[in-house]
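Subject: Structure for your review

Dear colleague,

I am handing over the structure we spoke about, and would be grateful if you could look through it alongside these notes.

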Amino acid sequence: MGSENKSHIAYIEKLIETRAYVEACGLLQQELLKDGQDVSLLVLMGRAYYGMKDYEHSYEYFRQAKYIDSNHPAVSSGILRLSVEMPVKEHQEELFHLVKDLQDKDGFLARKDYYLGQNQISKALEEVKAARKKYPKDIDVLLADIQVRMKNHIEDAELPRLIEEGKENMPGFEICELEARFLYQMGDFAGCSKVCKRILRKYPNAEEIDEVRRLAIKANQSNPPKIHETEQERKQIHVSETVESPTVEAKVKPSEISSEEAEHQLEALIGLESVKQEIYKIKKKIEYDKARSEVLGIALENSDSYHFVFSGNPGTGKTTVARLLAEILHGAGVLEKGQLVEVERGDLVGEFQGQTALKTKKAIKSALGGVLFIDEAYSLVNGPNDDFGHEAIDALVKGVEDYRNQFVVILAGYRDEMHQLISTNIGLESRFTKFIDFPDYTEDELMEIARYMADGQHYRFSADGELAFREKISKKKYNRRFGNARTVRVLMNEAYTEKAVNFDPNEVSKEYLTILTPEDFGVELCKDSKMKAADAMDKLNRLIGLKDVKYEIRSTISIVDYLKQERTEGKTSDIALGTSLHMCFAGNPGTGKTTVARLYAEVLAALGVARNGELHEVSRSDLVGRYQGETALKTKEVCENSYGGVLFIDEAYDLVQGEHDSFGREAVATLIKQMEDNRDKMIVIFAGYSKEMEQFMEANTGIKSRISKTIVFPDYALEDLECIFYRMVDERNIILADGVRKHVNDLIAYLYERRDAKFGNAREMRNLFETIWKHMVHRVEEEQLNGDARRTVVIADIEKVFEEKGFIK
């Protein structure tokens, strides 16, 4: 590595250390284009994405680095740190073993994260102390030290000094948020509120700004802290807090409205019709049981278990509905008080033996007469060896039995993770029988939410402003990190900020101060969908040859456009267009399969079916893992990355290599499930040689039944190959000298007549053109030619090709 390159890499490392992650990613992407196998570059990219909390992309880069050099210490420590943030836990112990003796910064911080994940706070503190001793000026180590000490729940005289040191060396949202939480933890509610206000003013669009808002509300509502007169009393209080978790009371939201008002608010929520219907059924069942008891004069045992699982993605209204459900159940006489107590893993799971049961029991007691809402409940148990997590589940199940009919528990979180949690625990499975699924909001509902938010800030959308918002939200919607209403709030805050940045005080108008336009959302509205679709179809039609292929694509697009129009006019019910759009492209290499797939994606994006129009090209290595369980994760991740676009699987028959290829079959099974469950989110094209693709489809009926059409790409005719070659000549602005065209035609005919099963069609023409161009450049430089002569191919250049390839003229 040259000194200049070393200096460049050092600059990138400095950017990461100073948290300039976006700039670092941009520079690293340029470097990776030069050498995509450089482990150091992949590690730096992983670190940059980790800093941005984009853990999925971070994990992908660390994983690539691990495939290249599994012994690289930074790779192992990076993946271990990620394993604390991501739900994938299988290899945590193995990775911890790899870094347990590392004495660099990554090693210290990796072990810190591992111990925090295991709730071993004292060991985590030992690691950051050792790291501070070796890296006293490092910002990451300083932040880690502060975070661990704050988790210790024991008065620490060092914390104020460390926070001041952080503010001096790294002013920004993160250290300010830590300061606010520290002040709250120490009982300085006024100081906490003051810092929160400063954060909300300076960083209104920060990713975790909602957490700061909640902290500010808690600080404002809290009473002044009790002053303890003796050091002994103060120590007793801290011990009590460590054991019993002081945060539960702060998360109790008392009943504030009537059940009738709660029902009105529920009905007024945007979307969530299926959720409202489920709660309506529950309320009617309660009323029915009460009527039977009164009319028949019988005492009915309350056999129904009112414990719920709320499953769905972030921002779909789970917490809001939980609050309203608490009021409704209170009004129906099921609950005595109707308060909502919000907790998470940290409020229930302890740090030493016996503490978990005490914390969980305290949370349950605070919820008696109301609802205990456990968010991200799947994180209670982090793997089979998480003894404290299992202890929390056992204590929860016992509390549900001991205080039967005295309170309601709602477990909330992602859909798959929640079903897995319930299905793997018999105690939960028998007691949590009411599942309410919170679907993602539709695009129209998200638009309605945006209008509601805008109205609350005295804004309204222009007609083009709504189109711009829809364009932006539709692209965000298929991102795995999409937060539904939360994402809407982020986009709206960004629009308000953009309007403020572009504000000219010399040209103030009521319209500018109240109307949201495309410029505020950073969107430049271009052609309408029909024109964009026509442009993509025009590109398809200009492809050389492929007459039958073009007809099949045009036919499919016509059907999509027709059905879309019918749905818009209300003549048909809502349809899953993706069901009829999965395809098989069969043909030899170089026959245009990838090019046509890319144009197909563009047309579907213009019609609003494939939201971003991106083509994601993958092969077996991108889908099939190397050990048990990895394949399903890899395949699911690839599919999720393709949401909103087209997934193009080249040489798809390579997915299953023989009868005993269990990993390949796992990939196929995962693909089938994704194609079925997410047919409205992605379109899959399987591609490869005709004969092999036919055999693949026959052997995998699950895929075959979901493919609407197989399009055969024939080999190009000789005339087509000539046209392809001369189009390349025109695109590169090359001049052919007299007599060259005949020699080129002879050369193409020579290749065509001797073609075999491996003949590359258009790829052969590109290779031929590049070879001729290379000989032209070599001759031009040797003869030091100028003007048009520098881009003119002569007969001698063609003869060089005959000579180099060993062709017989």
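Predicted model: local features only at pLDDT ≥ 70, side-chain atom pairs only at ≥ 80, totals over all residues.

Residues are numbered from 1 along each chain as its sequence is written, and side-chain values use heavy atoms, with hydrogens and water left out.

Helices (DSSP runs of H or I, at least four residues) and strands (runs of E, at least two) are numbered from the N terminus. Strand E3 (residues 340–343) is covered on both faces, with Leu 340 and Glu 342 buried on one side and Val 341 and Val 343 buried on the other, where buried means under 20% relative accessible area, exposed over 50%, and partly exposed in between (1.4 Å probe, protein chains only). E3 pairs in the parallel sense with strand E4 (residues 371–374) over four bridges, pairing being counted if DSSP finds at least two bridges between two strands; within E4, Phe 373 stands opposite Glu 342.

A further sheet is open and has five strands in the order E10-E11-E12-E9-E13, with parallel pairing. Its edge strands, E10 (615–618) and E13 (709–713), each pair on one side only. Strand E9 (residues 583–587) and E13 are joined in the parallel sense over five bridges, and Phe 585 has Ile 711 in E13 as its bridge partner.

The structure holds 33 salt bridges, each defined as a side-chain nitrogen of Lys or Arg within 4 Å of a carboxyl oxygen of Asp or Glu. One of them joins the side chains of Asp 145 and Arg 132 (3.6 Å, N to O), and this pair links distant parts of the chain, with Asp 145 in helix H9 (residues 139–151) and Arg 132 in helix H8 (residues 121–134), 13 residues apart. Asp 145 is buried at a relative accessible area of 2%, and Arg 132 also counts as buried, at 14%. Both belong to a network of salt bridges that links Arg 132, Asp 145, Arg 149, Arg 161 and Glu 165.

Another salt bridge is formed by Arg 779 and Asp 797 (2.9 Å, N to O); Arg 779 lies in helix H38 and Asp 797 in helix H39 (residues 795–805), so this pair ties together parts that are 18 residues apart in sequence. Arg 779 is buried at 13% relative accessible area, and Asp 797 is buried at 2%.
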